[in-house]
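Please go through the packing of helices and strands in this predicted model, element by element.

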Amino acid sequence: MSQPESAVADAQAGGRSGQEPLAKLAKRYGLRRAIARPRFPVYLRQLWERRHFILTYATSRNVSKYSSSALGQLWQVLTPLLNAAIYFVMFGVILGGSKDIINYPAFLLTGMFVFTYTQRTITAGAKSISGNLSMIRALHFPRASLPLAYTIQELQQLAISMGVLLALVVATQEWPTWYWLMIPVVLLLQTMFNIGAGLVIARLGATMRDLNQLLPFITRTWLYASGVFFSIQDKVVKSAELPQWVANVMYLNPAASYIEWMREILIKTYRPEFGHHPPTMVWVSCVFWAVFALGFGFWYFWRAEERYGRG
Amino acid sequence: MAELTKELSQVNGEKPAVPGKDVRVHPNPEPSGKRPLDVPTGTPTVIVDDLHIVYRVYGAASDNEKGNAVNALTRLLRRQGRPQMKEVHAVKGVTFVAYHGDAIGIVGRNGSGKSTLLRAIAGLLPPHKGAVYTDGQPSLLGVNAALMRELTGERNIVLGCYAMGMTPAEVREKYQEIVDFSGIDEFVQLPMSTYSSGMGARLRFAISSAKTHDVLLIDEALATGDREFRKKSEERIRQIRESAGTVFLVAHDLKVIEETCNRVIWLHKGKIKMDGDPKEVISAYNKG
């Protein structure tokens, strides 16, 4: 009862000749092309509608991350504590810290914790698309959900790290002041910057497969340029006798700006000429990077939305 | 040739195509040369027009150029592209029209482009040439990728539902239904890594079929699970078909296809070799 194959071939080849083209047929029935990038405002709205997925995905990743270890969620506190201990022994005790900085432990820990937040977000963001291809090839959702979820995962981790940091800072006899109320503002700005940077790096990581190998070197260079271990002002202007504008440019790098502001808030003796306020240049830089990165990041990521599945 | 198929299907005792009442039907119903005629309505839901899909595959180096650093450097200096990157032409000019109420089985050997075709219909792989037109958003029954083995079934149900785009209210509403359908009972409190493969498959199918889809694409989901669960899933596919949707089913188990589908497409090396009544296509496929 099987149909002769030639008949089928004929039916396929000749079936459409003389008929209306399929594109017209599709139009008549209101069918749309399966792949089409939504307009930017529509895209942002779709992303907002996926907020529950983004949050659940971030939390789930955090839960599953430590589920195989015996200490479980305790590692969320232990990891930053151990990191702090290593930095302190390495830079504070062995290398002797810096004589010009009065409260060096607080100086170092603040810089390290703030920088780590941005660094971890970017490292995770680079893998958010390339590491989830099977999901992208199976489900429909605005792809920006993935880098966003990764950033939120790091934000959840930061909430714990921040508690550790504040406890350690108090232990170095920096008592809480009213200025501490500004901490969430700085973290909000930094998070905005991180989301944007994560989106940009996610798109780059989706196509540039060597980025993951390169990224550790980039972030380490960035770490040294951001004055985590030393004061940019002291090293660049006083020791190296370079002009002031070199130091100013270095302070404009987003990581250095967020670190500076946080140090001004937490450490009484840090650059006392400014009180607890950051220099104008620093907070302008913080706000600028937050707004610019967020806007540009979403736009840049959205531009390649329909291409992320190809691998 | 159209007459031949028409005759054949009438011999088989099938109804000729009857336009539905509420659909926008044009006077000349769809060309019937390449499809069976037991279709309830004449409204197309998926149109695949001369579709070509080209995949990029990494890490597929042949033996003589296998990676050592010197080779990689010479290639860079000579400005040759990465040899590990190969382009695979997985789907080569596939054309067909699917209608409301169709359940289309796709058969073919491994690597004939079945899964790729499904992903392209779902709009998850951009076409190299040609186009796919769809009514609404076809979804792949493949929530697996979003689930995490280390998490409990409970958490995975919630995560999976959100991944498919449900609202919190819908998740609450569907939760018990999913647990009941999967039949995993108290195991829902345990991590999915402790499940047997059958239980895992059942939970995944239950989650992904909890959402109502206009066009549902199923890739080998029915291959696992015991007999009883298979019956349940076939029943669910029938329900989806009856709610005027379209179902595509890729499976190696030809019996499942014959029982659930009203039309079968045989893909061979990225091209359609045959498209028509399940019995005919499957018997031809079995002959080789």
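Helix 6 (residues 104-128) of chain A packs against helix 9 (residues 183-207) of chain A at an angle of about 30°, their axes 7 Å apart. Axes are lines fitted to C-alpha atoms, for helices over the stretch in contact, and angles run from 0 to 180 degrees between N-to-C directions. Helices and strands are DSSP runs (H or I, at least four residues, for helices; E, at least two, for strands), numbered from the N terminus. Helix 6 of chain A and helix 9 of chain A are therefore roughly parallel to each other; angles under 35 degrees count as roughly parallel, over 145 as roughly antiparallel, 65 to 115 as roughly perpendicular and the rest as oblique. By class, the contact of helix 6 of chain A with helix 9 of chain A has six nonpolar, eight polar and one charged residues. Ala, Val, Leu, Ile, Met, Phe, Trp, Tyr, Cys and Pro count as nonpolar, Asp, Glu, Lys and Arg as charged, and the others, Gly among them, as polar.

This is a predicted model: local features need pLDDT of at least 70, side-chain atom pairs count only at pLDDT 80 or more, and totals for chains, interfaces and linings use all residues. Residues are numbered from 1 along each chain as its sequence is written, while chains are lettered from A and ligands numbered from 1 in the order in which they are written.

Also in chain A, the axes of helix 4 of chain A and helix 8 (residues 145-171) of chain A come within 8 Å and cross at roughly 55°. These two helices of chain A, helix 4 and helix 8, are therefore oblique to each other.

Helix 4 of chain A also takes part in covering helix 4 (residues 153-163) of chain B, along with helix 5 (168-182) and helix 6 (197-208) of chain B. Ten of the eleven residues of helix 4 of chain B are buried (20 or more other C-beta atoms, placed from the backbone, within 10 Å of its own; exposed if 12 or fewer, partly exposed in between). Among them are B:R155, B:N156 and B:Y162. Just after helix 4 of chain B, B:G165 has a positive phi of about 95°.

Strand 8 (residues 263-268) of chain B is largely enclosed by the rest of the structure, because five of its six residues are buried. Strand 8 of chain B pairs with strand 3 (residues 103-107) of chain B in the parallel sense over four bridges (strands pair if DSSP finds at least two bridges between them). Strand 8 of chain B pairs with strand 9 (residues 271-276) of chain B in the antiparallel sense over five bridges. B:W266 stands opposite B:V107 and has B:M274 in strand 9 of chain B as its bridge partner.

Conventions: Two residues are in contact if their C-beta atoms, placed from the backbone, lie within 7 Å.
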